[in-house]
Amino acid sequence: MDSENLYDMKDIAGGDPEGKISLLLDYTDHRRSVADPWYTGNFTATWNDCEAGILGLWDFLARRGALPPGGKTVW
């Protein structure tokens, strides 16, 4: 969700030569870290960031044909 998490994930994975590790908000028009409610106390901003990132990721996957047939969810 933030640059520190990104760094840690790349370290755990032994790097990211294929560029598969990214921040959630990289899938939106507002590429930045998700607001951290620990520091801001603003849980609504964090919720909104996560929602925007998930919808952006969903669109990205849909464009790549990586969703179930018809793009329907399982929930």
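For the charge analysis, Lys and Arg count as positive and Asp and Glu as negative, while His and the chain ends are not counted. The place of a charge is taken as NZ of Lys, CZ of Arg, CG of Asp or CD of Glu. On this basis, the mean positions of the 7 positive and 12 negative charges of the protein chain lie 10 Å apart. The model is a predicted one, in which local features need pLDDT of at least 70 and side-chain atom pairs count only at pLDDT 80 or more, whereas totals for chains, interfaces and linings use all residues. Residues are numbered from 1 along each chain as its sequence is written, and side-chain values use heavy atoms, with hydrogens and water left out.

The protein chain contains three helices and zero strands, where helices (H or I, at least four residues) and strands (E, at least two) are DSSP runs numbered from the N terminus. Its pattern along the sequence is α-α-α. Taken along the principal axes, the box filled by the C-alpha atoms is roughly 40 × 35 × 25 Å. The accessible surface amounts to about 6,100 Å², and 57% of this belongs to carbon and sulfur atoms; accessible areas come from the Shrake-Rupley method with a 1.4 Å probe, and for residues only the protein chains shown count as cover. Of the 75 residues in the protein chain, 17% are buried (buried means under 20% relative accessible area, exposed over 50%, and partly exposed in between, with a 1.4 Å probe and protein chains only). Among contacts (heavy atoms within 4.5 Å) between residues at least 6 apart in sequence, 32% join residues at least 24 apart.

Helix α1 is marked at both of its ends. At its start, a side-chain oxygen of Asp2 comes to within 3.0 Å of the backbone nitrogen of Glu4. Gly14, which follows α1, has a positive phi near 75°.

Three salt bridges were counted, a salt bridge being a side-chain nitrogen of Lys or Arg within 4 Å of a carboxyl oxygen of Asp or Glu. In one of them, Glu18 pairs with Lys20, with 3.1 Å between the closest N and O atoms; both Glu18 and Lys20 are exposed. Another joins the side chains of Asp26 and Arg31 at 3.4 Å, N to O. Asp26 is partly exposed, at 23% relative accessible area, whereas Arg31 counts as exposed at 61%.

A further salt bridge connects Asp49 and Arg32, with an N to O distance of 2.9 Å. This pair links distant parts of the chain, 17 residues apart: Asp49 belongs to helix α3 (residues 43-63), and Arg32 to the loop between α1 (3-13) and α2 (37-40). Asp49 is buried because its relative accessible area is 8%, while Arg32, at 40%, counts as partly exposed. The side chain of Asp49 also reaches the backbone nitrogen of Ala35 at 2.7 Å. Residues up to four places away in sequence being left aside, Asp49 touches Leu25, Arg32, Ser33, Val34 and Ala35.

Asp59 is likewise placed in helix α3. Its relative accessibility is 43%, so Asp59 counts as partly exposed. The C-alpha atoms of Asp59 and Thr28 are separated by 9.7 Å, the two residues being 31 residues apart along the chain.

Terms used:
Polar contact = N/O pair within 3.5 Å; in protein donor to acceptor, adjacent residues only side chain to side chain.
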